[in-house]
Structure formats: C-alpha cells, structure tokens
Amino acid sequence: MFATTLSTASVQHAGLVRPILTSAVLGTFLIFAAGFASSDALHSATHDTRHATGFPCH
C-alpha cells in the first residue's frame, strides 16, 4: 500500500516539472526580449515590469 501511494505521488510531481520549466523559460525569454527591444512602445509597455525584476532599462 505504501509503495503504491509513493509511486502515485512521484508521478504527480513529475507531471508538474515540465509546465514549470516551460513557464520559466518562456517568461525569461519574454523579459529579455522586451528588455533588448528598441521599440519605444514596447519599452513603455514593459517599463514597470523591468524595474520590478531589476532589469536596467535606461
């Protein structure tokens, strides 16, 4: 009984790893893509987010 419960918990935990990593990679890419973009409209739209994450923008 204990082994079955343990393996079920491991499978549920393993199912969370991929979405978490995907979200982290996508979020990091979006922050840096916006940070290095030269468009003034994009800069203005992401200005507060950049400061909140510590990304220098000026």
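# Ala34 and its surroundings

Author: Leu42, Thr46 and Arg50 are touched by Ala34, leaving out residues up to four places away in sequence. A contact here means heavy atoms within 4.5 Å. The model is predicted, so local features need pLDDT of at least 70 and side-chain atom pairs count only at pLDDT 80 or more, while totals for chains, interfaces and linings use all residues. Residues are numbered from 1 along each chain as its sequence is written, and side-chain values use heavy atoms, with hydrogens and water left out.

Reader: Why is Ala34 called buried?

Author: Its relative accessible area is 10%. Buried means under 20%, exposed over 50%, and partly exposed in between, using a 1.4 Å probe and protein chains only. Ala34 is therefore buried. Of the 58 residues of the protein, 10% count as buried.

Reader: And why is Phe29 called exposed?

Author: The value for Phe29 is 55%, so this residue passes the cut-off for exposed.

Reader: What makes the nonpolar surface patch of about 330 Å²?

Author: Leu26, Phe29 and Leu30 make that patch. Patch residues have over 30% relative accessible area and no salt bridge; like charges are joined within 9 Å, and nonpolar side chains (Val, Leu, Ile, Met, Phe, Trp, Tyr) within 5 Å. A salt bridge is a side-chain nitrogen of Lys or Arg within 4 Å of a carboxyl oxygen of Asp or Glu. Areas come from the Shrake-Rupley method with a 1.4 Å probe, and for residues only the protein chains shown count as cover.

Reader: Where do Phe29 and Ala34 lie?

Author: Phe29 lies in helix α1, residues 2-36, and Ala34 has its place in helix α1 too. Helices (H or I, at least four residues) and strands (E, at least two) are DSSP runs, numbered from the N terminus. The protein has two helices and zero strands.

Reader: Why does Pro56 count as exposed?

Author: Pro56 has 62% relative accessibility, so it counts as exposed.
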